[in-house]
Amino acid sequence: MRSAFLLLALLTGAQTFHILEKPNSKNHQDITAFAILRATVKVCEKVEGFTKPEPLNTQTLAKACKKDAFKSNFEAGIEMITHYNTQTDVTDIASAKHHFNSEKFLDGKALIIKGIEDIAADVKKEDFENARKTLGSILHTLQDFYSHSNWIELGNTEPCTALINLEESIPNPADENTETCESDLPNTNTGAKFKNNILENKILTSGYYGTSKKKGKCSHGGTLDFTTGFGRGWDGINKDAIDSSHGLDHHKAADVAIAASVQLLEKIWNNDDPSFFRLIGLHKDKPKGTWKTFFSFSSSKSRVSDANGKR
Ligand SMILES: [Zn+2]
């Protein structure tokens with residue numbers, strides 16, 4: 001039962017920015033690869049004579065950064081990081097905090113902050129394989145925030161920097177008793193509707209996912225989310241793809257998720273260029289380890305032919 005559920009969830013992408021390809025939508029692999037390429041541009045800017053390539057992809061960037069010889073290692077690095085990103089939907093599918101579901105804002109943030117610390121420790125002892133695993137995992141959680149919360153619907157066009165900075169507080173999260181979504185509305189093809197005061201007072205919430213929720217809370221939505229009630233899979237707020245409950249905001253959410261991922265990568269970079277290059281594989285040492293490529297970057301590599309674009 002559990003494995004059937006997992007498989008169904010994977011195939012329908014019920015839980016997350018999708019991990020399979022979907023036309024006109026960005027999945028976790030696209031978002032992660034775009035972000036790594038864009039963050040790497042910033043590090044390469046210190047290389048003499050560097051100009052940002054057009055189009056921006058692994059081949060053009062490795063060349064512009066004078067590291068042509070490491071192109072395939074770079075691709076392996078991105079592939080490994082994106083693989084461990086998508087694994088979060090396999091190993092932790094039922095854990096709300098890993099996907100910022102069910103208003104688990106503090107717990108989700110704690111995962112990211114601990115991940116940043118663990119990566120720094122692994123880089124220090126040159127355990128880059130483990131650092132890549134953790135990096136993939138926390139990028140997934142960070143990216144899901146923009147699809148699963150109402151950060152975008154509140155009008156934000158920039159990342160929530162509090163998610164990667166311990167000392168910053170997450171702005172205005174709803175408490176457990178605050179009703180956030182209208183209940184029992186008919187389907188208008190626009191997904192769930194936030195209560196007016198939530199939008200007016202800029203209160204942060206996220207969708208509940210699984211089997212139950214408190215009345216008045218928002219749902220994630222989708223065919224495998226049973227918090228919406230029977231036949232009401234539309235009644236959610238996720239922006240995982242363009243045909244999701246709040247799919248009209250999918251590209252806004254994906255673009256802010258890319259920007260947020262770049263910020264996280266810059267934080268991990270921490271002005272240590274050699275370690276950063278080695279972490280992402282733009283280095284003579286090929287990333288080691290085994291990972292299945294079915295859900296990973298290789299299946300969507302052709303889609304990331306230019307990470308400059310907005311779409
Ligand atoms: Zn997820």
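Reader: Starting with Asp184: buried or exposed?
Author: Burial here is a neighbour count: 20 or more other C-beta atoms within 10 Å of a residue's own means buried, 12 or fewer means exposed, and in between is partly exposed, with C-beta atoms placed from the backbone. Asp184 has 8 C-beta neighbours inside 10 Å, so its class is exposed.

Reader: What should I know about confidence and numbering before going on?
Author: This is a predicted model, where local features need pLDDT of at least 70 and side-chain atom pairs count only at pLDDT 80 or more, while totals for chains, interfaces and linings use all residues. As for numbering, each chain's residues count along its written sequence from 1.

Reader: Where does Asp184 sit, and what is its phi near?
Author: Helices (H or I, at least four residues) and strands (E, at least two) are DSSP runs, numbered from the N terminus. Asp184 is in the loop between α6 and α7 (196-200). Its phi is positive, though the residue is not glycine, with a value near 60°.

Reader: How many helices and strands does the chain have?
Author: Reading along the sequence gives α-α-α-α-α-α-α-α-α-α. In numbers, the secondary structure is ten helices and zero strands.

Reader: What percentage of the contacts in the chain join residues at least 24 apart?
Author: Two residues are in contact if their C-beta atoms, placed from the backbone, lie within 7 Å. Taking contacts between residues at least 6 apart in sequence, the share joining residues at least 24 apart is 66%.

Reader: At what angle do α6 and α8 pack?
Author: Axes are lines fitted to C-alpha atoms, for helices over the stretch in contact, and angles run from 0 to 180 degrees between N-to-C directions. On that basis α6 (residues 128-148) and α8 (residues 250-269) have axes 9 Å apart. Their packing angle is about 145°.

Reader: How do the residues of that contact divide into nonpolar, polar and charged?
Author: On the α6 side, the residues include Leu135, Leu139 and Leu142, and on the α8 side they include Ala257, Ala260 and Leu264. For the classes, Ala, Val, Leu, Ile, Met, Phe, Trp, Tyr, Cys and Pro count as nonpolar, Asp, Glu, Lys and Arg as charged, and the others, Gly among them, as polar. The tally is ten nonpolar, three polar and no charged.

Reader: How many residues of α6 are buried?
Author: The expected span of a helix is 1.5 Å times one less than its number of residues. With 21 residues, α6 reaches 30 Å from its first C-alpha to its last, close to the expected 30 Å. The helix is mostly covered, and its buried count is 19 of 21.

Reader: How many residues does the largest nonpolar core have?
Author: A nonpolar core is a set of buried Ala, Val, Leu, Ile, Met, Phe, Trp, Tyr and Cys residues joined through C-beta atoms within 7 Å. Those with the most contacts inside the largest core include Ala35, Leu142 and Ile280. Elements giving two or more residues to this core include α2 (28-44), α6 and α9 (273-280). The number of residues in the core is 61.

Reader: Which helices do the buried residues of α9 pack against?
Author: Buried residues in α9 are Phe276, Phe277, Arg278, Leu279 and Ile280. Leaving aside neighbours within four places in sequence, Ile280 is in contact with Ile36, Thr40, Phe74, Gly77 and Ile78. For the buried residues of α9, the partners are α2, α4, α5, α6 and α8.

Reader: And Asn271: how far is its C-alpha from that of Val43?
Author: Asn271 lies in the loop between α8 and α9, and with 9 other C-beta atoms within 10 Å it is exposed. Its phi is also positive, near 60°. Asn271 and Val43 are 228 residues apart along the chain, yet their C-alpha separation is 8.3 Å.

Reader: Last one: which peptide bond is cis, with omega near -10°?
Author: Look in the loop between α2 and α3, where Pro55 is found. The cis bond is the one from Glu54 to Pro55.
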